[in-house]
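Here's a quick briefing to read alongside the model. Take a look at the fold before going through the points.

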Amino acid sequence: MRTKFNGILTLLLALFVQIAFAQEKTISGVVSDASGPLPGVSVVIAGTSKGTQTNFDGQYQITAKVGDVLTFSFVGMKSVTRTVAANNLINISMEEDSSLLEEVIVVAYGTAKKGDFTGSATQINSKEMELRPISNISSAVEGASAGVAVTSSSGQPGSGQDIQIRGIGSFSASSSPLYVVDGIVFSGFINSINPNDIESLTILKDASSTALYGNKAANGVVMITTKSGKNKKGQFTFNATSSVVDRSIPEYDRLDASQYYEVMWEALRNSRALPGKNTDAEIAAANSYASANIQKELKGNPFNVANDQIVGVDGKINPNARVVYDDLDWLDAITRVGYRQNYDIRPLHDKFLQKKGKKII
């Protein structure tokens, strides 16, 4: 009788285990975002330690029961939960958690939440830079932060601008801020960094900038974080910009060589005698002096007449004077319309170049 009872109990236990396992099933699907499949997404059954991750193609498989809650999480993305139902296929589309990303800023000693940071800092991210046609970093800083002055010290094409965060710190030493690129002090030409390679740019304006760099940061710090590889589907971006540089205000009317000599003759004459104030004899002597010395005053004679015969005593250019040079007007050469073209291709991600060990392009 006892043996029979043990047999019935064993059958009931086996039936219970079979029913329990029969309730579990394999759930599969693909996790993606706006760019495509997401590898490395964590898939966990809520309330347990049982979970898995998506593969290179964003695919996953997990054994769960009807009613279990699956939690999908990924760095920089909003977590998604789904309840297991009759359907064995659950595809997930994840969105960027922009609110979380915007709260974090780069500071001298690492990163900090914007709400917890008590210093004075301004952050410019890559999305803000993409909205402006900038060709160098100093142009990205211009007008982006209160109290930061950006001035052009040179008209040389490609030259940068002077950035002053706390005004002029010294008349003899530099007033430029300290530039830090990916945590390393940068002493090179800052405009050699392509703005399209910058992920974020933080301007530290107060005493917190000296937390790590000491007196080198007395003029403020510009923290630059460059872009790095992302765990997303491979893609590339091509940017092309074109611009035209021309004068906004037309050139003023100018004196030619003959008119200029006449005006300068009058100035030289007036330096010795003024009509209406000096006598006629003094005016005549001043006229003769100006005619004889106009070439010495202007240090040159572009005409085909003698130096003392360029301008007569009446203040008029010699009617026989002709300009012997034909290249006095360089205005067209230095004020021609300028054209600028810039082309930028962001490199392809490795995952676009290689897929499961096979080259696909």
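Predicted model: local features only at pLDDT ≥ 70, side-chain atom pairs only at ≥ 80, totals over all residues.

Residues are numbered from 1 along each chain as its sequence is written, and side-chain values use heavy atoms, with hydrogens and water left out.

**Whole chain**
- You'll find 9 helices and 21 strands in the chain (DSSP runs: H or I of at least four residues, E of at least two).
- Of its 361 residues, 30% count as buried (under 20% relative accessible area, 1.4 Å probe, protein chains only).
- Take the contacts (heavy atoms within 4.5 Å) between residues at least 6 apart in sequence: 57% join residues at least 24 apart.

**Helices α6 and α7**
- The axes (lines fitted to C-alpha atoms over the stretch in contact, with angles from 0 to 180 degrees between N-to-C directions) of α6 (residues 257-270) and α7 (residues 280-298) come within 8 Å and cross at roughly 125 degrees.
- Residues making the contact include Y260, W265 and R269 of α6, and I283, Y289 and E297 of α7.

**S243**
- S243 sits in strand β18 (residues 238-245).
- S243 counts as partly exposed because its relative accessibility is 28% (the class between 20% and 50%).
- Beyond neighbours within four places in sequence, S243 is in contact with G338, Y339 and R340.
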